[in-house]
Amino acid sequence: MSDDSRDSNSQGPEGHENVPGRQRTRFPGISSRAYEHPADRSALVALRKLSGFDTVFKALSALLPERSLRLLFLSDSVRVSDQQFVHLDAMLRDACQILDLEKVPPMYVNQDPQPNAMCIGLDDPIIVVTTGLVELLDEEEMRAVIGHEVGHALSGHSVYRTILLFLTNLAVRVAWIPLGNLAIMAIVTALREWFRKSELSADRAGLLVGQDLKASMRGLMKIAGGNHLHEMNVDAFLAQAEEYEAGGDLRDSVLKILNVLPRTHPFTTVRAAELKKWAESRDFQRIMDGHYPRRTEDKDTSVSGSFRESAASYASNVKNSKDPLMKLVSDIAGGAGDLGGRVRRGFGGQGNPAPGDSTPPNDQPPRDDA
């Protein structure tokens with residue numbers, strides 16, 4: 001294989017944008033560590049250390065009906081090949097070539113108007129995309145999505161994603177057993193936190209495959225607002241993410257946390273903002289220039305190193321965040337005064353001191369430690 005992967009499949013299906021074949025940089029031997037979000041790696045390490053998780057994992061590995069799942073898609077979906085959904089087959093093979101994934105996972109198209117895609121499986125990953133997604137996205141947008149799913153396969157995410165799907169269904173069935181449900185929901189909550197971070201990692205993999213940030217942005221906008229690109233604007237969409245992060249007071253910060261807890265995916269505007277930030281980073285440019293960690297080095301990576309990277313990532317996010325709660329946390333870490341007054345005002349209270357509080361109100365705007 002040459003260092004560049006040429007997409008010769010420029011003809012899209014009816015309703016899809018035709019794009020010229022062009023060269024895309026390949027990444028021989030690339031490790032998933034190159035694009036994984038630091039919190040993705042450390043959350044997975046922490047998940048494995050969760051009390052009782054190993055026992056549950058081993059039990060579920062034997063119980064999960066993976067053969068049944070594969071037979072279900074084989075019998076009731078359309079398998080992508082050089083004879084069916086040929087344009088998707090070409091994109092899948094192209095994505096695997098770019099990320100140097102030796103074994104091309106089987107991919108199925110499932111009849112479902114809801115735009116969605118997933119990578120699941122314990123022994124070997126399989127990729128499933130819905131007809132709603134295929135009909136919604138153009139050629140380059142779809143390429144980013146397939147790259148996203150191939151990124152999940154390369155990272156080994158499919159195993160834990162499959163278990164999350166199973167446990168979520170199981171939690172509903174045993175909801176009447178108080179202790180049993182609590183134990184399962186503890187693992188489900190931890191899995192969802194990791195799942196959300198793994199989506200940010202896979203978005204990066206999709207960008208490495210498509211190598212077209214505009215197409216990745218368009219795809220996320222369409223997932224959020226449908227096939228109405230003429231009515232949408234990337235800059236305005238990204239401004240929503242900034243407004244979401246910075247707007248409101250501490251009450252809104254708490255509501256954001258509560259809103260995201262039951263979700264498996266980060267909010268779409270947040271994903272777009274995170275991806276754009278990474279695309280403009282030095283890390284992304286270094287990968288494109290051929291400087292990235294190799295799989296042959298994976299065995300030498302340390303758990304403590306993953307935690308340090310994750311801690312540094314969270315610390316940077318807290319320091320630079322515009323969210324009211326994160327700014328308060330940053331001020332606490334920086335030793336800012338009058339925290340009682342800050343908290344009262346953050347929850348919509350007045351700046352006057354509470355009874356017994358001799359500290360005068362602080363009307364100065366919050367200090368930006370960034």
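Colleague: Which is Gln211, buried or exposed?
Modeller: The relative accessible area of Gln211 is 18%. Buried means under 20%, exposed over 50%, and partly exposed in between, using a 1.4 Å probe and protein chains only. So Gln211 is buried.

Colleague: What pLDDT do local features need here?
Modeller: Residues are numbered from 1 along each chain as its sequence is written, and side-chain values use heavy atoms, without hydrogens or water. The model is predicted: totals for chains, interfaces and linings use all residues, side-chain atom pairs count only at pLDDT 80 or more, and local features need pLDDT of at least 70.

Colleague: How many helices and strands are in the protein chain?
Modeller: Both are DSSP runs numbered from the N terminus: helices (H or I) have at least four residues, strands (E) at least two. The protein chain has 16 helices and 6 strands.

Colleague: Where does Gln211 lie, and what is its phi?
Modeller: Gln211 sits in the loop between H8 and H9. Gln211 is not a glycine, yet its phi is positive, at about 55°.

Colleague: What span should helix H9 have?
Modeller: H9 covers residues 213–225, which is 13 residues. The expected span is 1.5 Å times one less than the number of residues.

Colleague: Which residue caps the N-terminal end of H9?
Modeller: Look at the backbone nitrogen of Lys214, with a side-chain oxygen 3.2 Å away. That oxygen belongs to the capping residue, Asp212.

Colleague: Which residue follows H9 with a positive phi?
Modeller: The buried residues of H9 include Met217, Leu220 and Met221. After H9, phi is positive, near 85°, at Gly226.

Colleague: Which element gives the largest share of the lining of the second largest pocket?
Modeller: On a 1 Å grid over the protein atoms alone, a pocket is an open set of points where a 1.4 Å probe fits, with protein on both sides within 12 Å along at least five of seven lines; lining residues have an atom within 4 Å of a point. This pocket has 28 lining residues, with Glu199, Leu220, Ile223, His265 and Arg271 nearest its centre. Helix H6 (139–155), helix H8 (178–210), H9 and helix H12 (268–279) each give two or more residues to the lining. The largest share, 6 residues, comes from H6.

Colleague: What is the volume of the second largest pocket?
Modeller: Grid points are joined across faces, edges and corners, and the volume is the space filled by probe spheres set on them. For the second largest pocket, that gives about 510 Å³.

Colleague: What is the phi of Phe85?
Modeller: Phe85 lies in the loop between strand S3 (78–79) and H4. At 30% relative accessibility, Phe85 counts as partly exposed. Its phi is positive although Phe85 is not a glycine, near 50°.

Colleague: Which residue follows H4 with a positive phi?
Modeller: H4 spans residues 86–98, with end C-alpha atoms 18 Å apart. Its buried residues include Leu88, Met91 and Leu92. Phi is positive, near 55°, at Asp100.

Colleague: Which residues does Pro106 touch, leaving out those up to four places away in sequence?
Modeller: Pro106 is in the loop between H4 and strand S4 (107–110). The C-alpha atoms of Pro106 and Ile126 are separated by 5.2 Å, though the two are 20 residues apart along the chain. With contact meaning heavy atoms within 4.5 Å, Pro106 touches Pro125, Ile126 and Ile127.

Note on methods: A polar contact is a pair of N or O atoms within 3.5 Å; within protein, one must be able to donate a hydrogen and the other to accept it, and residues adjacent in sequence count only if both atoms are side-chain atoms.
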